[in-house]
Amino acid sequence: MRPRSVIDYALARRAVLADLHAGRVSSLDVCDAHPYLLRAAKYHGEPTSKRCPVCRGGDPLIHVTYTYGDELGESSGRARATKDLPALAARYGELRV
């Protein structure tokens, strides 16, 4: 299997959180989960041990993993379990997660 390109948004995420905690943006600007994402988290998400970095408490974060790619056809844009990703990466040449 050939190496894949990875784009990490950690720096952008940290910048937004720094702006939030410095008071430059409000939590309403940052907490914008779409109702479809909330529903996907409920039925397809994987709970984590991390807490929300915006509200700093409450329920643990839920990861929802979506896969995209022309080779996926009708199943492009579908929520997937993390454990399924290695098999998908081996099967398809182009895969965005």
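At 19% relative accessibility, Thr48 counts as buried, because the cut-off for a buried residue is a relative accessible area under 20%. The model in which this value was computed is a predicted one. Thr48 belongs to strand β1, which comprises residues 46–51, and its side chain reaches the backbone nitrogen of Lys50 at a distance of 3.2 Å. When neighbours within four places in sequence are left aside, the residues in contact with Thr48 are Pro60, Leu61 and His63.

Helix α1, formed by residues 10–22, contains 13 residues and spans 18 Å from its first C-alpha to its last, which is close to the 18 Å expected at 1.5 Å a residue. Its buried residues are Ala10, Leu17 and Leu20. Viewed down the axis of α1, these buried residues fall within an arc of 85 degrees, and they therefore line one face of the helix. The elements that cover the buried residues of α1 include α2, residues 27–30. Just after α1, Gly23 adopts a positive phi of about 85 degrees.

Ala12 is likewise placed in helix α1, but with a relative accessible area of 45% this residue is partly exposed, since that class lies between the limit of 20% for buried residues and that of 50% for exposed ones. Along the chain, Ala12 and Val97 are 85 residues apart, and a distance of 18 Å separates their C-alpha atoms.

Conventions
Residues numbered from 1 in each chain as written. Predicted model: local features only at pLDDT ≥ 70, side-chain atom pairs only at ≥ 80, totals over all residues. Heavy atoms only, no water. Helix = DSSP H or I, 4+ residues; strand = E, 2+ residues; numbered from the N terminus. Buried < 20%, exposed > 50% of the residue type's maximum accessible area, 1.4 Å probe, protein only. Polar contact = N/O pair within 3.5 Å; in protein donor to acceptor, adjacent residues only side chain to side chain. Contact = heavy atoms within 4.5 Å. Expected span 1.5 Å × (residues − 1). Arc of directions from axis to C-beta.
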